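Hi,

Here is the structure I promised to pass on to you. Have a look at it first, and then read my notes below.

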There are 4 protein chains.
Amino acid sequence: MIVKMNRNATPQTGQAVLNLLKSTTFQIKESYGKETIFGVVNGQIDRIKILLQEYLEQVEIHELTSSYKYTSREFHPSDTLVKVDDVVIGGNDFITMAGPCSIESLDQIMECARIAKAGGAKILRGGAFKPRTSPYAFQGLGEEGLKYMRQASDAYGLKMITEVMDEANLELVCHYTDIIQIGARNMQNFRLLEAIGKTQKPVALKRGISGTIDEWLHAAEYIASQGNLNIIFVERGIRTYETATRNTLDLSAVPIIQKLSHFPIIVDPSHGVGVWEYIPPMAVASVATGASGMIVEIHPTPEQAWSDGPQSLKEDTYLKMMRQVDVMVEAMQKIREIE
Amino acid sequence: MIVKMNRNATPQTGQAVLNLLKSTTFQIKESYGKETIFGVVNGQIDRIKILLQEYLEQVEIHELTSSYKYTSREFHPSDTLVKVDDVVIGGNDFITMAGPCSIESLDQIMECARIAKAGGAKILRGGAFKPRTSPYAFQGLGEEGLKYMRQASDAYGLKMITEVMDEANLELVCHYTDIIQIGARNMQNFRLLEAIGKTQKPVALKRGISGTIDEWLHAAEYIASQGNLNIIFVERGIRTYETATRNTLDLSAVPIIQKLSHFPIIVDPSHGVGVWEYIPPMAVASVATGASGMIVEIHPTPEQAWSDGPQSLKEDTYLKMMRQVDVMVEAMQKIREIE
Amino acid sequence: MIVKMNRNATPQTGQAVLNLLKSTTFQIKESYGKETIFGVVNGQIDRIKILLQEYLEQVEIHELTSSYKYTSREFHPSDTLVKVDDVVIGGNDFITMAGPCSIESLDQIMECARIAKAGGAKILRGGAFKPRTSPYAFQGLGEEGLKYMRQASDAYGLKMITEVMDEANLELVCHYTDIIQIGARNMQNFRLLEAIGKTQKPVALKRGISGTIDEWLHAAEYIASQGNLNIIFVERGIRTYETATRNTLDLSAVPIIQKLSHFPIIVDPSHGVGVWEYIPPMAVASVATGASGMIVEIHPTPEQAWSDGPQSLKEDTYLKMMRQVDVMVEAMQKIREIE
Amino acid sequence: MIVKMNRNATPQTGQAVLNLLKSTTFQIKESYGKETIFGVVNGQIDRIKILLQEYLEQVEIHELTSSYKYTSREFHPSDTLVKVDDVVIGGNDFITMAGPCSIESLDQIMECARIAKAGGAKILRGGAFKPRTSPYAFQGLGEEGLKYMRQASDAYGLKMITEVMDEANLELVCHYTDIIQIGARNMQNFRLLEAIGKTQKPVALKRGISGTIDEWLHAAEYIASQGNLNIIFVERGIRTYETATRNTLDLSAVPIIQKLSHFPIIVDPSHGVGVWEYIPPMAVASVATGASGMIVEIHPTPEQAWSDGPQSLKEDTYLKMMRQVDVMVEAMQKIREIE
């Protein structure tokens, strides 16, 4: 439910209302802009009305109307910023996450971190637990990989994102990583979403292999309704009949999600197209949609990668792409100022 | 790996080889037909060669070539029969599983069991843990529902199938049910598949919402490679652009799976089309593809169902459909005899 | 618009009304069953009311409500029978059309006609004008092919169906063939549909490569609204992400079209799956959906076919399949009698 | 076939070879860059070898290897520029085509031309012959519409693009328009493509509703193989399961087509997403993919449009979008310079 301050309410009243709300056990999310709105996760309207009884003429209290309540713009009209220390996703900066598909060795992830950093990425990506179509394919290094990745992230001053595949490993993965990734195959693994919802870890929620926008928003709601409001949507392409690309990158998801939800959205052009040479133009286009960032696969020697080689960028391709991205980010700042 | 008896080997030799194989800790799967083949799950070729050293001229020992080894026809050329006491899936009988989408009460599931039985179903279906797009939709009665369903199954002499959504509840669900169902959203929930692979429970593996035949076979392999060879494929329609139906039922999956795998396949016309009036003709067509059975949703009062009302059959529609299915089953026996 | 006889109107009155309607220039379609309905193609309601002024208490006159007026069941509640002399599509018989993808020579089409006939087909299929993805692929023998095919059809007492690709060749093709086929790529070639609508030739309208049921019904309406009511729908599979089959055969289209339209629907399992060995079970399943017939590709030597070899059936496979189809047709008669 | 000048051949030799080639009846396409290549449409290799016999050591003559010969980059490694007087598509400028879905009246198209021009568009779009799902929907004003549109184009100094639906109207449409458009439903109307191939009119070839990249390239080849090398590809979204947008705009088609073909590609974000508010970000993203232009729908009063109202932009939205596009075009120039 939400508590909306009336237009004529003073900032002092707003503060007083906020203080009262914070005195409860409910989680409160503040949104300032044209309107001041306090979102109350799982709040009970009767209890809140009693709590705010002396301010009832300065506020409007009502249930959320969307079926994805806490994920909707209605709950929080201004953009949510997902923060990992000083790295902010959803704000003014375009945040790049780069790294290998799989962590293969300490050397490999160290080298990836060096390259990622050199291009301007703020976050290192890499998989220690890999969902693979075949049970006989490389399944990731597990905890050993997480250790290597933490070491590489710290060495280069990067934050870290990695996938969790099941509830059993959630605590372990959270221990090492800054951001949890939910893979496309798990977008509707509802028990896993709920478990993550009970943490406060930032979580990057990939769109399902054939997930609709509506299902994706509801998947986020499984997390948000448990109290974790640090959600990042990741558009990674959808399954279509076209075989020239691995998936069909649906960049229109960016403005749609931005309209319907307050959570930030980033783009994964690597899985989105699956062919390295088409990734730089799609990365540049991703910036131009207004996305808050992107996540890309790089590898020192893609032809030797243990997984996803064909879509991994070499150092020089990546660095050139990042210079293009920088120009585009600057252009987007001008574009946002156009009235 | 497989051990194939040479054509000239006597039945006695075959029995001797089998006895040796059974003396190991490996799981053995026997296939008799034009050829006698013993599949050895996770067998190590060197150890088996030593074991069978005195029979090396009567056998051929080799690794499996498909990437879904234990799921492939190569491993077991004859059809696998999945048995739940006297109910056999994959054999001569066409097995119907019927019941409500969700268990709603003891009365409701009892009434469903009565109707299911009256139509000739051998197995009662019903959900106690429901995967729902929205976290606010009815999520199932949980263990209470399982108890009701066991009671109803026993009262009417039916076997029971129900969905498990996560590893945490696997033991609980196995305690009550005869067959576990893996839902479409979990076809690639690999950790859950592996956990089920470690049991010997019969498992009905639904095709993913946009699962390819190849991914589906490999999903089965996640189960089979852990030693559980009691797998039933369930075709339940795939996601396409068409909106006249809930999904597009891909009946061609039946002969394809039957060619590539030894595990039986059944059809779910209820989710396949999603509109009750089109379900009877699709059920009849399912029999005609040569499927080993079907799973359908019924409800005493579909318009009051807590979930999937539009695709649930009323008693009279279901009973009429089952009479049609019976005629079709008979016709299929004649068709199988045609040379 | 339609003229519906009231329940209490006598057959004599019905006949009198029909005679009056037939005295106009409008095309009249009669439907007898629970109700007697006369459909009036492009009829003007005011003129018809004046015409029938002395019977206004025995009839109900109104515009059609569906947006595919003359294609809808409302216009003609009973099934439309499309007749080619004594061959009736949409009636009690299951009609098979068989033949090669392309007519290659007189010998080849003669041999195909012999095989088609031997299996019980009533209609010979074959392409003289071929729509091919590449301009450099074999485009068909043109009029020469039509001549060969007519000769073969007549020699074996078969009717003939062949594709027309453009308005320019319509007259030519109509001169030779009994049924015109509109290919999947032309389902929304609206000018071609209108041109065919101005003839009275029976026309088999294939579903578009990604045509929705709704678009398909409206495509038929482009033909019907011009006065040609001899339409046969052909389900031939739709484009999806699955690559194990050439297309995904959507058998649920059969009951849906039968519910929404009075025109008959047949199935093309050859293009529907595209792999010869999966065609017989899908042909059998097609009968079981209640379709009015099927169209299949056969070839004396599929491995040497100039087009569609992989989905063409050899003589023995075809003949065995037809024996199975016969058993299934018989079963369907029993099924239709079940109340 | 192509004639490639050897690296050591002088420009004079190149000119002499070109003069000889031009002396034949074959159409010649010149490509200068790292290499000098002369493409010879439908050229016979034996005749060309005789023709160039005294230069055989300075040239390499060979057949094209792709199955879409004249459309492939191999035939013409440098970009093809499609010219309409001084408006060049495929060169340094980003060309916008804007206008209504349907021409509704002289006033309406005049007003659209004024708006289009004000935003910087060089080309006016508008339909006089409209392919509509239903035969009862507005089908366009026909020749009257073409006259209005020519008048409006001339009044505002714009070029004109409009759709042709059938061969019968091709001459008529060509009489009025500067560029012909082939709609998505006609991408594989092969007879129409061939007819257009016999003209020299610039032609914008929309991707089919579910056209693959490969089919699209071959559709272009139907035009190119007849001698018309003034082809523009138009990405307009593909049909997928997602319903939040009208189609799924596949921006990755831009770099793919640019790699495989020398013909320019532009984007149609209006049909690509189908919802007006998501069109500006997708237009900006289209520029960022490196496309050569775009085609968008505008209308003075979208809510009163006779077709495609929901995806038509109002004047102020369009003008703001075009200011954003201008910033993006400038940024792309910088990006192209990055090494």
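Let's start with chain A: of its 339 residues, 65% count as buried (buried means under 20% relative accessible area, exposed over 50%, and partly exposed in between, with a 1.4 Å probe and protein chains only). Before going on, please note that this is a predicted model, in which local features need pLDDT of at least 70 and side-chain atom pairs count only at pLDDT 80 or more, while totals for chains, interfaces and linings use all residues. Residues are numbered from 1 along each chain as its sequence is written, chains are lettered from A and ligands numbered from 1 in the order in which they are written, and side-chain values use heavy atoms, with hydrogens and water left out.

Chain A has 11 helices and 14 strands (DSSP runs numbered from the N terminus: H or I of at least four residues for helices, E of at least two for strands). Its C-alpha trace spans about 65 × 50 × 40 Å along the principal axes. Among contacts (heavy atoms within 4.5 Å) in chain A between residues at least 6 apart in sequence, 69% join residues at least 24 apart.

Is I161(A) buried or exposed? Its relative accessibility is 1%, so I161(A) counts as buried. Leaving aside residues up to four places away in sequence, I161(A) touches several others, including M97(A), I123(A), M149(A), I179(A) and I295(A). The C-alpha atoms of I161(A) and G142(A) are separated by 14 Å, and these residues lie 19 apart along the chain.

Next, chain D. The axes of helix α6 (residues 190-197) and helix α7 (residues 213-224) of chain D come within 7 Å and cross at roughly 45°. By class, the contact of α6(D) with α7(D) has six nonpolar, one polar and two charged residues (Ala, Val, Leu, Ile, Met, Phe, Trp, Tyr, Cys and Pro count as nonpolar, Asp, Glu, Lys and Arg as charged, and the others, Gly among them, as polar).

How do the copies relate? Chain A can be laid on chain D with an RMSD of 0.0 Å by a turn of 180° and a shift of 0.0 Å along the axis (superposed by least squares on C-alpha atoms of residues with pLDDT of at least 70 in both). The two copies are thus related as by a two-fold rotation axis. In chain A, the C-alpha nearest that axis belongs to A285(A), 2.4 Å away. Finally, 100% of the interface residues of chain A are also interface residues in chain D, so the copies meet through the same surface.

Enjoy exploring!

Conventions. Axes are lines fitted to C-alpha atoms, for helices over the stretch in contact, and angles run from 0 to 180 degrees between N-to-C directions.
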